[in-house]
Amino acid sequence: MSLVGKKIGAYAVTGEIGAGGMAVVYKAEQPNLDRKVAVKELRGDLSKDPALLQRFEREAKYVAALAHQNIVHIYDFIERAHAMYIVMEYVEGVDLYSLMAQVKRVPPDVAGIIALQAARALEYAHYRGVVHRDFKPSNLMITRHGDIKLMDFGIARDASGDDLTRPGTALGTPSYMSPEQILGERVDFRSDIFSFGIVLYQMLTGQKPFNDDDTRSVMNAILHVKHPRPRSIYPDIPFALQRIIKRCLAKRPSDRYARTEQLRHDLEAYVAETCPVNHNGRMVLYLRHCNLISEEAARSYLNEKELKNTQLTARDRGEVDAGVTVFNPVMQMNSLLFLCMLSWAAWVAWCDYSQHADFFGATPSPAAAAVQVAADVHPEPRTETHAEPRVDAPPPRPELRPENRPEPAHNPVKTPSLVRQRRP
Ligand SMILES: Nc1ncnc2c1ncn2[C@@H]1O[C@H](COP(=O)(O)OP(=O)(O)OP(=O)(O)O)[C@@H](O)[C@H]1O
Ligand SMILES: [Mg+2]
């Protein structure tokens with residue numbers, strides 16, 4: 001039964017905001033403080049379950065103890081016969097699930113800002129010993145001013161507390177569960193880091209890292225299948241974000257970030273490098289692009305120059321990213337080919353040069369020049385190494401020809417051979 005028009009404690013319910021698996025969320029007024037609030041009512045059928053009522057109450061207590069700008073504030077907790085209400089800060093904006101349903105994927109710099117603020121919320125909760133255990137897009141709200149608010153610590157527990165689990169009820173949402181959550185093992189903050197990695201992956205690629213056909217196959221994929229690299233889907237996804245995802249999505253908790261602070265730190269480094277305007281300004285620009293806030297609302301936050309930042313508006317339209325997606329691999333291939341051709345040409349030129357150095361007329365080195373001068377003064381007889389072998393008889397040696405023979409001097413001594421010839 002709808003609560004619209006009714007009063008819950010001091011709160012006048014004015015409308016319904018949305019409904020999830022366990023609760024219905026209403027918008028309400030708190031007249032004495034003149035502010036809007038959100039009232040979350042546990043579903044009628046579930047509110048008869050004492051274990052769930054206890055879990056709902058626990059959520060309120062945990063979150064009420066957390067005071068952080070990126071976590072939805074809890075104002076009140078009201079218990080009635082078989083009904084429970086959590087009164088909390090009303091967040092004017094959109095949840096990440098609805099945003100992602102509108103766009104193909106979130107630009108990397110915007111995804112980095114959302115992830116950074118969510119990581120700050122987790123870091124704070126983890127520092128206080130609270131594990132969220134249901135980190136997913138519908139539990140992240142984006143305000144009209146570009147702030148991110150984490151909510152629904154519905155199945156949260158502190159580091160020492162016992163799980164409040166209804167028998168047969170899976171903790172968490174299957175697509176966002178960590179391997180240890182699926183196996184029903186004890187979970188710690190690293191389970192949230194795994195879920196965080198899934199959400200970041202989904203923002204950047206527009207798809208979840210693990211097969212999503214049915215609960216069983218998704219759980220099997222989370223346990224055993226390696227996720228496709230984000231850059232294999234969109235090559236323009238920055239390496240820095242891909243590395244962060246890889247560390248978050250390690251199957252073994254010990255291979256993930258050892259502290260949420262490190263995760264936040266890595267995101268901070270990435271965002272600092274890529275975001276030219278202030279973070280909220282960038283978010284507002286993107287929300288305007290998605291028609292989630294009006295032009296006037298955007299103008300109240302950004303100046304004319306920021307609103308007309310052509311680089312960012314093109315990025316929001318996906319123009320730059322699409323271009324990079326197509327041309328990046330081609331450019332990389334081209335550079336590789338160019339380098340290969342360049343080294344081949346250099347090698348060929350060197351071989352040619354060493355064989356025909358004189359043809360190229362290269363300037364010789366001083367030593368080579370000295371040798372050349374010596375060669376010019378005393379030229380070596382040219383030897384034809386490739387000449388055909390001669391078949392004709394060599395010409396008679398000039399000194400043996402009769403006309404060249406010198407006149408013999410008078411010599412009375414006969415040569416022994418002549419003496420022998422005259423023998424009878
Ligand atoms: N404090 C709030 N201010 C504004 N809107 C809210 C607030 N809390 C919840 N909502 C909206 O109400 C919707 C329903 O929230 P709810 O937590 O009941 O379900 P869910 O997160 O979508 O699913 P699940 O039950 O699996 O957690 C949210 O998606 C969000 O859009
Ligand atoms: Mg929720």
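pLDDT is the predictor's confidence in each residue, on a scale from 0 to 100. The structure is a predicted model, and the protein chain averages a pLDDT of 79, with 74% of the residues scoring at least 70.

**Confidence along the chain**

- Helix α8 (residues 239-248) has the highest confidence in the protein chain, at a mean of 98.
- Confidence is lowest in helix α17 (residues 416-421), where the mean is 42.
- Where pLDDT is low, the predicted coordinates should not be read in detail.

**The open sheet**

- An open sheet is formed by 3 strands in the order β7-β9-β10, with antiparallel pairing.
- The edge strands, each pairing on one side only, are β7 (93-95) and β10 (148-150).
- On average, neighbouring strands of this sheet are turned by 25° against each other, direction ignored.

**Pairing of β7 with β9**

- Strand β9 (residues 140-143) and β7 pair in the antiparallel sense over 3 bridges.
- Gly93 stands opposite Thr143 of β9.

**Helix packing on the sheet**

- Helix α3 (residues 108-127) packs on the sheet and touches β9 and β10.
- The direction of helix α3 makes about 40° with that of β10.

Notes:
Residues are numbered from 1 along each chain as its sequence is written. Chains are lettered from A and ligands numbered from 1 in the order in which they are written. This is a predicted model: local features need pLDDT of at least 70, side-chain atom pairs count only at pLDDT 80 or more; totals for chains, interfaces and linings use all residues. Two strands pair if DSSP finds at least two bridges between them. Helices (H or I, at least four residues) and strands (E, at least two) are DSSP runs, numbered from the N terminus. Axes are lines fitted to C-alpha atoms, for helices over the stretch in contact, and angles run from 0 to 180 degrees between N-to-C directions. Two residues are in contact if their C-beta atoms, placed from the backbone, lie within 7 Å.
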